[in-house]
Amino acid sequence: MSRLLQLLYLSLIILISEFFHISHGDVGTAARYSSPYSPTQCFGSDPSQFPSSNLFAAAGDGIWDNGASCGRQYLVRCISASLPGTCVQGQTIQIRIIDYIGTAPSLPSVNGSTIVLSRTAFQTIANSSVVTSINIEFQQ
């Protein structure tokens, strides 16, 4: 009987875990910024710093790491926003850090964000042009 009970508990745990998303990343906020994007703190005026997809970002204070974040790649997805339906469900993007928002040539839509996405990157994971900030899950 004990073996049957263990099997039942194991089956129940597996079933319950299927209903909950397990996060493997960090949670933060993302704002957006627009051109001009250059020169950047990481790569100056080098045009090759910009991915052809235009999926790039400036690091906020939380991930800047005294410049060590330059060139890092992050997977980013929108998890919520102040306006329901803003997030593009199931959409995850890969961005490259090219700048520090504290010295970027253009201003972010909201100060204090974890990551400030290029306009293209922001619009890829968020439907609304009205929302200036979104909650994100991100991982390196």
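**Disulfides, cores and overall fold of a predicted model**

C42 and C70 form a disulfide, with 2.0 Å between their sulfur atoms. A disulfide here is a pair of cysteine sulfur atoms within 2.5 Å. The structure is a predicted model, in which local features need pLDDT of at least 70 and side-chain atom pairs count only at pLDDT 80 or more, while totals for chains, interfaces and linings use all residues. Residues are numbered from 1 along each chain as its sequence is written, and side-chain values use heavy atoms, with hydrogens and water left out.

The link of C42 and C70 is left-handed, with -75° about the S-S bond. This pair links distant parts of the chain, 28 residues apart. C42 sits in the loop between β1 (26-33) and β2, and C70 in the loop between α2 and β3. Helices (H or I, at least four residues) and strands (E, at least two) are DSSP runs, numbered from the N terminus. C70 has a relative accessible area of 25%, so it counts as partly exposed. Buried means under 20% relative accessible area, exposed means over 50%, and partly exposed lies in between (1.4 Å probe, protein chains only).

A disulfide also joins C78 and C87, and its sulfur atoms are 2.0 Å apart. The link of C78 and C87 is left-handed, at -55° about the S-S bond. Both C78 and C87 are buried. The count comes to 2 disulfides. With the bonded cysteines numbered in sequence order, the pairing is 1-2, 3-4.

The protein has 3 helices and 6 strands. From the N terminus on, the elements run α-β-β-α-β-β-β-α-β. Of the 140 residues, 35% count as buried. The accessible surface comes to about 8,200 Å², and 56% of it belongs to carbon and sulfur atoms. Accessible areas come from the Shrake-Rupley method with a 1.4 Å probe; for residues, only the protein chains shown count as cover. Among contacts with a separation of 6 or more, 78% are between residues 24 or more positions apart. Contact means heavy atoms within 4.5 Å.

The interior was examined next. A nonpolar core is a set of buried Ala, Val, Leu, Ile, Met, Phe, Trp, Tyr and Cys residues joined through side-chain atoms within 4.5 Å. The largest such core has 25 residues. Those with the most contacts inside this core are V76, I95, I115, L117, I125, I134 and I136. At least two core residues come from each of β2 (56-59), α2 (61-64), β3 (73-81), β4 (92-100), β5 (115-118), α3 (119-125) and β6 (133-139). The largest share, 4 residues, comes from β4. Apart from this core lies another, of 9 residues, among them Y33, Y37, A104 and V116.

I125 shows how these parts meet. Not counting residues up to four places away in sequence, I125 touches V76, R77, C78, T86, C87, V88, Q91, I93, L117, I134 and I136.

L75 is found in strand β3. L75 has 36% relative accessibility, so it counts as partly exposed. Leaving out residues up to four places away in sequence, L75 touches T92, I93, Q94, E137, F138 and Q139. L75 and R96 are 21 residues apart in sequence, and their C-alpha atoms are 9.1 Å apart in space.
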